[in-house]
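Reader: I've got a model open and want to talk through its fold. Can you walk me along the chain?

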Amino acid sequence: MTSSCVFCSFHSMALVPYVENSLPALSKLHNSSAQFRFANHDLRLAQDWKKLGVAAVVWDAAVVMCMYLELGKVELKGKGAIELGAGTGLVGIVAALLGAKVTITDREPALDFLSANVKANLPPGSQGSVVVSELTWGEGLERYPAGGFDLVLGADIVYLEDTFEPLLQTLEHLCSDTTVVLLACKIRYKRDTDFLSMLKQRFRVEEVHYDKQRDIHVYKSWKLPPLRDL
């Protein structure tokens with residue numbers, strides 16, 4: 001894999017090996033940790049690029065999603081949320097600190113790393129508000145309650161075309177008519193807009209935030225009502 005392919009995978013569905021000669025812009029991702037302040041808490045997220053690749057680094061979309069959650073435009077206190085393709089867990093951790101009860105998910109190889117970040121960054125009184133759980137999109141969905149979440153979160157999870165349909169199946173399963181989906185992503189290629197087009201066939205979609213500096217869009221989605229017989 002060449003350096004240009006570092007961007008060709010994303011947290012949830014691909015654990016990409018470390019690339020020694022990666023792009024200079026990615027050098028910060030090679031650090032063993034990344035530090036942030038959200039929800040009046042100082043957070044230090046471990047990163048492990050060599051072991052887990054893109055699944056174990058904090059990407060800009062996660063940072064922008066956390067900034068958006070802090071704006072208070074989405075009610076979090078007491079709400080049930082699930083994060084998909086969580087990677088380091090930053091978004092789910094911040095959602096929990098802001099009052100949500102969060103199920104933080106990723107594929108099995110990332111779970112120990114993810115759990116360690118959650119434990120290290122949530123105060124003892126908040127540990128019970130988070131569950132870390134395995135979820136491969138489109139598989140074993142019966143383990144999660146159908147329509148059982150108020151909020152579904154995903155940061156930089158829209159990428160590989162092979163995962164679009166399983167991701168949509170997963171969103172449809174997790175969402176009730178009142179569930180809000182928030183997706184933060186960078187629109188890099190045509191396939192990214194293709195996913196949004198697919199999403200719009202099943203969900204209402206609107207852009208609610210754009211971070212110009214980081215070129216990250218935040219989209220809010222909710223289920224379309226079923227078509228009724230004429």
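Author: Let's begin with a strand pair: strand 3 (residues 80-84) and strand 4 run parallel, joined by four bridges. Two strands pair if DSSP finds at least two bridges between them, and helices (H or I, at least four residues) and strands (E, at least two) are DSSP runs, numbered from the N terminus. This is a predicted model, where local features need pLDDT of at least 70, side-chain atom pairs count only at pLDDT 80 or more, and totals for chains, interfaces and linings use all residues. Residues are numbered from 1 along each chain as its sequence is written, and side-chain values use heavy atoms, with hydrogens and water left out.

Reader: Which residue of strand 4 is the bridge partner of G80?

Author: Strand 3 and strand 4 are parallel. For G80, the bridge partner in strand 4 is K101.

Reader: How many of the residues of helix 3 are buried?

Author: Buried means under 20% relative accessible area, exposed over 50%, and partly exposed in between (1.4 Å probe, protein chains only). Helix 3 covers residues 90-97 and is largely enclosed by the rest of the structure, because its buried residues number eight of the eight.

Reader: And strand 4, how many of its residues are buried?

Author: Strand 4 (residues 101-106) is also largely enclosed by the rest of the structure.

Reader: What is the bridge partner of T105 in strand 5?

Author: Strand 4 and strand 5 (residues 130-134) pair in the parallel sense over five bridges. With helix 4 (residues 111-121), they make a right-handed β-α-β unit. In strand 5, T105 is partnered by S133.

Reader: Is A39 buried or exposed?

Author: A39 sits in the loop between strand 1 (33-38) and strand 2 (41-46). Its phi is near 55°, positive in a residue other than glycine. Most residues other than glycine have a negative phi. With a relative accessible area of 11%, A39 is buried.

Reader: What is the relative accessible area of D215?

Author: D215 is in the loop between strand 8 (203-211) and strand 9 (216-223). D215 has a positive phi of about 60° although it is not a glycine. D215 is partly exposed, at 29%.

Conventions
A crossover is right-handed if, with the strands pointing away from the viewer, the path from the first strand over the helix to the second runs clockwise.
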